[in-house]
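I opened this entry to note what I looked up, in the order I looked it up.

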Amino acid sequence: MGVPRHLEVWKMGTVNYLNALRVQEKLVSDRKANKISDTLLSLQHPPTYTLGKRRTDHNLLVSESELKNMGAELHCTQRGGDITYHGPHQAVLYPIISLRHLGIGARAYVEKLELTMIELASLYGVKAYAGRKGETGVWVGQRKIGAIGVRIQSGITSHGLAFNIDPDLSYYKHIIPCGISDKEVTSLRKEANLELPSEQVIHEQLISCFAGQFGFNSNLLDKKNLSFSEMLQLYG
């Protein structure tokens, strides 16, 4: 029987994208140096569009000035994947974990992120599945419900997954989501044929699904409710 794995979970509420990126960069550095244990950030963002390292600007269908008028931000990142949207009522997980300690590679890591969201959807009677080659993320029929974009540096992960609980789907009209033009985007609210609990409950369920997929003992989850400013005071 293996040694139980410890996971520290930071529940951060709504965090500006650049602030979340700053936190991730600090934690990745600390995890590389073994100053911290595996850590999971649970949060959501204000309306934000992000581009992956391939810089597929052609999949953004409006100008940056139009985005500003909509109250949305645009940021370029070093993660994999294409353009995507983050916003309110979407559950985001950013794992800062050591794949070497887990004994898995990049492909298995992405597959476990997909299974995390598939398991969450199944709790509400929604049959989701992993995308085909070139269609990373999680789908319900021909509709995407969960996106994945990761970065791995020296075996340490950052960025992660975004699961649509009930975001304003009109924001997706301004991009070609993940570079796939012939598919729609959906949400748990649209697909589930039952009343959803509070978003806080769904965020907790997503954390539990993640912990189960990666073999973290639920009794060893160290959950902290941290705002960005509190995080800076403790770890800045």
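What does the secondary structure of the protein chain come to? I count seven helices and twelve strands, taken as DSSP runs (helices H or I, at least four residues; strands E, at least two) numbered from the N terminus. The model is predicted, so I kept to its limits: local features need pLDDT of at least 70, side-chain atom pairs count only at pLDDT 80 or more, and totals for chains, interfaces and linings use all residues. Residues are numbered from 1 along each chain as its sequence is written, and side-chain values use heavy atoms, with hydrogens and water left out.

Entry: the whole chain. I noted that 52% of the 236 residues count as buried, meaning under 20% relative accessible area with a 1.4 Å probe, protein chains only.

Entry: two helices. I looked up H4 (residues 106–122) and H6 (residues 199–213), which pack at about 135 degrees with axes 9 Å apart. H4 and H6 are therefore oblique to each other, the class left after under 35 degrees (roughly parallel), over 145 (roughly antiparallel) and 65 to 115 (roughly perpendicular). Their contact (heavy atoms within 4.5 Å) involves residues including Leu113 and Met117 of H4 and Leu206 and Phe210 of H6. By class I find eight nonpolar, three polar and two charged residues there.

Entry: lysine 183. I found lysine 183 in the loop between strand E10 (156–164) and strand E11 (184–185). Is lysine 183 buried or exposed? Lysine 183 counts as buried because its relative accessibility is 13%. Leaving aside neighbours within four places in sequence, I list Arg132, Glu135, Trp139 and Gln142 as its contacts. Lysine 144 is 39 residues away in sequence, yet 7.4 Å away in space, C-alpha to C-alpha.

Definitions and conventions. Axes fitted to C-alpha atoms, helices over the stretch in contact; angles between N-to-C directions. Nonpolar A, V, L, I, M, F, W, Y, C, P; charged D, E, K, R; others polar. Buried < 20%, exposed > 50% of the residue type's maximum accessible area, 1.4 Å probe, protein only.
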